[in-house]
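Keep the viewer open as you read.

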There are 4 protein chains.
Amino acid sequence: MHAIGVDIGGTKIAAGVVDEDGNILAQTRRVTEPDDAGSIDKAIGEIYAELSSSYEVGSIGLAAAGFVSSDRSGVLFAPNLAWRNYPLDERVGALVGDDVRIVVENDANAAGWAEFRFGVGRDVDDMLMLTVGTGLGGALVIGGKLVRGAWGVAAEVGHMRVVPGGHYCGCGHEGCWEQYASGSALVRDAQSALITQPERAARLLELVGGDVDQLTGPDVTQAAQEGDVLAIELLANLGRWIGEGSASVAALIDPELIVIGGGVGAAGDLLLAPVRNAFAEQLSARGYRPEARIELAAMGNDAGIVGAADLSRV
Amino acid sequence: MHAIGVDIGGTKIAAGVVDEDGNILAQTRRVTEPDDAGSIDKAIGEIYAELSSSYEVGSIGLAAAGFVSSDRSGVLFAPNLAWRNYPLDERVGALVGDDVRIVVENDANAAGWAEFRFGVGRDVDDMLMLTVGTGLGGALVIGGKLVRGAWGVAAEVGHMRVVPGGHYCGCGHEGCWEQYASGSALVRDAQSALITQPERAARLLELVGGDVDQLTGPDVTQAAQEGDVLAIELLANLGRWIGEGSASVAALIDPELIVIGGGVGAAGDLLLAPVRNAFAEQLSARGYRPEARIELAAMGNDAGIVGAADLSRV
Amino acid sequence: MHAIGVDIGGTKIAAGVVDEDGNILAQTRRVTEPDDAGSIDKAIGEIYAELSSSYEVGSIGLAAAGFVSSDRSGVLFAPNLAWRNYPLDERVGALVGDDVRIVVENDANAAGWAEFRFGVGRDVDDMLMLTVGTGLGGALVIGGKLVRGAWGVAAEVGHMRVVPGGHYCGCGHEGCWEQYASGSALVRDAQSALITQPERAARLLELVGGDVDQLTGPDVTQAAQEGDVLAIELLANLGRWIGEGSASVAALIDPELIVIGGGVGAAGDLLLAPVRNAFAEQLSARGYRPEARIELAAMGNDAGIVGAADLSRV
Amino acid sequence: MHAIGVDIGGTKIAAGVVDEDGNILAQTRRVTEPDDAGSIDKAIGEIYAELSSSYEVGSIGLAAAGFVSSDRSGVLFAPNLAWRNYPLDERVGALVGDDVRIVVENDANAAGWAEFRFGVGRDVDDMLMLTVGTGLGGALVIGGKLVRGAWGVAAEVGHMRVVPGGHYCGCGHEGCWEQYASGSALVRDAQSALITQPERAARLLELVGGDVDQLTGPDVTQAAQEGDVLAIELLANLGRWIGEGSASVAALIDPELIVIGGGVGAAGDLLLAPVRNAFAEQLSARGYRPEARIELAAMGNDAGIVGAADLSRV
């Protein structure tokens, strides 16, 4: 049976009809107002009406950044949306009718599940997905099942502490992994280098016209791909933190595969090689165990749609 | 059906007949030679002969410290025994016959499973067990299943890194959790305090007759229970590391219960209160989620026997 | 001979006539425009005219936050003022005439010197002054002489690194001491506690009317003096960082006295006791050496004026 | 006037007659018994008799590892010798007579002073010497004067803390700089790499015949000079810790020159380049100040003799 997957962002919604093999048969989008929960409900209703007119659909999977209730019916808290203990399935259900099943999922879980089912993880049973973006999100599959945790908030990998007394995190704690292993950390470190090492940062400064605040992750990637030594170091440092933290996770759950998603994947081997080296050097009991493979995500930006749709069937 | 659980230590073996409710119906012991793998096989054979003469037994669970093969047939590596890629089930099977099923498990996993099935975790689905002894071992239960990992070496919690550039660990890495959250760490820190703060350490020095090298964990616990300020601080510091590391694990797997086992449990609330405080202060997204309970283990030293027996049935 | 001391802040200037015993005989003030270097020169000229009309003055000491040239003639860089390689003695000299000596000093050095000559350090030869304010400044006296360094930028204690990978500092580096041992760090940690531990922070929340952003260091001190447990912990944590870092400095220069200045001194023993404990616990070779005393500064807000004046005589 | 410099080691004494330009005119040696303080006194007496028979000598400088009393008359504590509050000048004076001045100095101070007066530091006024050997020793010259500290134990740089919760140090504390910036740290990290990265460590393993415990610092240097990637990384890591710690010291005392002594200097630029890079990257206020030069020591093993002799004149 087909399912609709909906990826609910801060200002827009992307959705698609997904078949049982993870193919997207049709897609649509809506712009929404993050402060107006009703506008999101309404947009989802319209999306359902549009897509279900051409396809028979048995369920809808709704993916959003936030804490999802453990029964997958609603959202406890979403940092970028107006939801606080919001019964999303009820509200959307009132608009789309009772004969379609509605399931809410965390967006990183949805993307990870898509990789597990149809992407780079389709041949493994135990997988860790890391989504390296503004923050560091994740998803965990153990024994072929998505790990949601006792209260639905598992795989908040970005808030594992990796440095006692380390960088402050928006969550109120110090030294969270996402302060070292995220696109934001890459940009912050690059901006710092522009100030403290201007001569080495000549190419990066040139790319941003001398305006440090304009620097983005893609600038670093571009410079690195041109061979710029500082940019290569910055990506290697990001990779080191991803790899070393992954070794700690591996000590706990012993995955077969670790998938790196998010925009930084564009750097390819300039990121991936340092990740793998750091992981191998830091891995506990190395030599007495096979080592997890580390690969880039394969599903691209549609992973949230595909994963949400697929999870709504289960 | 009854099962035999066997807890294989470095120099002795303890075993028992266990019923389906986790009760031990009969027990026996053997002294063994750690460097002689054959002596261990033989002792297990004798134990089986002895215990199966009075009880009908369907399976044997063998628990040992080491890396167990993912099919649970043998041991890849055991730090304190002569096993290297040792086919334990085959060797023991040759002695006990084909009609009894033999399953090998990691000892920390066995103890954790006993707590999950019959001890403090019997009402939960998602549980982390921490065994705070010479090192820091663990077991992980997710969705009611023991997590063994892709290659059988999951729950090596003691080798998650908590301090970059931190204390050297016997595993070859720096900053492993067990260097901060173990009985050995407690003793090491206490011995350091005897040297650097002798006046505050008066009671501890008295307990060891002035011989710093004689200091043990129970000495610290005794002094703390008498009200000694330094000993209370040392336990609180141990508790803080246990609690803060647990918060990182909780960010990843969101357990309902965290169980603290091992000898340090004798300190009771002098350890448990700091663990809980540190966990709560460090927990990600606190206030938006229920918090895991943290409790002392309830099964005592027989947990390995009971857990190994029970796991041999599954 | 009398000297004039001038303490040049971001928006105002305070000055006084100081005798050879460190007494202030007369004082005056001016409001200035930080972006207009000429307005500062002019204000100093007016101050000289005013104060020298009643007192015979042989020299002027000018203290400001910034990097002072090693010949003490000008300012290389001042973060809060318009000075960049600014020849302050020449510009002021043009206004006040040739018969008065003009000396430029770093403001933390001036305050430390005042404590050394006339305050809590008047009986020692080797002293470290820490000024715990928005940042962490310092002054160093060795063998009775102010240490300026090879290029005039010694005693930048706030930028010693105490945590690799630690909090970002405005200077572009990570883990600088002032990110842990300053009034700003106290406020940051307190604000974090308001968010992550609201129930323990009840009194602090009450003091700021529930507005986390309104919290100041004096709020924490007030709550601590009332007995609030969280506020006492926050001050103790600040004190711990001050004391532990001081032990590292003591390993290098072995001072007889460490002086704690800045607004946090208002907390008295609630700060000082943890500083002393942490220093003693962390001190290298304790037991084989006398230990530096740690005392609060005695000179108050006029230390900059008195120290600048006195240093202009040497 | 000539002076005798005596370098007192754990099992042997090296001495020489030194002229005012730092030239050694004659040398001699004695083997001693570290547990017998009298044997050391006697050997020094013999040395004086031997050397003073051919040269007119006005003073004797005695250098030893340990805490020297602030009046330079004796030794408070020496880790490797039988001295505890030992009045060395009195004991030696009884053997050599009253007409020769006897001065006791810390050995690292003596070596640093030799570099300052006659070696790589002869043109500067402010200098930090780091002696990177089994541990990390140092000497500090400010304004042309040796900094001894209030109680004679300044420049214990090896016990500045660089990693909170870091490696245990023999001094009883955690994270001391010498646990990261010493020959011992290099060997420890190299041995760890042999175990955790055997394939990358092939050349190092070959050099020690497969026996990890045989590995020494010179093995690492040799492999690095042959181009071995792991060995180069190990030296670079050592250099990074030396350079980053030096930046913290520079924030405090702003030296013109930092001198690297000890056996690791044999690695030349393989060590020095990473030291300089790390120092520059970590230096506070870089760009607003000249940067300290970092150079290898020039005086070799005789620095202790030369420095002790020269300091005995002052």
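Ile258(D) faces Ile294(D), a residue of E13(D). The strand that joins E13(D) here is E12 of chain D, residues 257–261, and the two run parallel with four bridges between them. Two strands count as paired if DSSP finds at least two bridges between them, while the strands (E, at least two residues) and helices (H or I, at least four) are DSSP runs numbered from the N terminus. This is a predicted model, in which local features need pLDDT of at least 70 and side-chain atom pairs count only at pLDDT 80 or more, whereas totals for chains, interfaces and linings use all residues. Residues are numbered from 1 along each chain as its sequence is written, and chains are lettered from A and ligands numbered from 1 in the order in which they are written.

Strands in a sheet pair through backbone hydrogen bonds, in either the parallel or the antiparallel sense.

The cut-offs are simple: with C-beta atoms placed from the backbone, a residue is buried if 20 or more others lie within 10 Å of its own, exposed if 12 or fewer, and partly exposed in between. Beyond its neighbours within four places in sequence, Leu51(D) is in contact with Ile4(D), Ala15(D), Val17(D), Ala26(D), Thr28(D) and Val57(D); contact means that C-beta atoms, placed from the backbone, lie within 7 Å. Ala15(D) is 36 residues away from Leu51(D) along the chain, with 8.9 Å between their C-alpha atoms.

Of the 25 residues of H7(D), 19 are buried, so the helix is largely enclosed by the rest of the structure. Asp254(D) follows H7(D) and has a positive phi, near 50°.

Positive phi turns up in other chains too. Most residues other than glycine have a negative phi. Ala155(C) has a positive value near 65° and sits in the loop between strand E11 (145–146) and helix H4 (183–196) of chain C. With 27 other C-beta atoms within 10 Å, Ala155(C) is buried. Asn85(B), with phi near 45°, belongs to strand E7 of chain B, residues 84–86, and is exposed, having 11 other C-beta atoms within 10 Å.

In chain C, ten of the eleven residues of helix H9 (303–313) are buried. Those buried residues pack against strands E1 (2–8), E2 (12–18), E3 (24–31), E4 (57–64) and E8 (101–106), and against helix H3 (107–118), of chain C. In chain A, five of the six residues of strand E8 (101–106) are buried, and this strand pairs in the parallel sense with E4 (57–64) over six bridges.

Finally, how do the chains meet? Chains A and B touch through 39 residues of each. H7(A) gives the most to chain A's side, with six residues. That side has 23 nonpolar, seven polar and nine charged residues, counting Ala, Val, Leu, Ile, Met, Phe, Trp, Tyr, Cys and Pro as nonpolar, Asp, Glu, Lys and Arg as charged, and the others, Gly among them, as polar. Because 100% of the interface residues of chain A are also interface residues in chain B, the copies meet through the same surface.

Key
Two residues are in contact if their C-beta atoms, placed from the backbone, lie within 7 Å.
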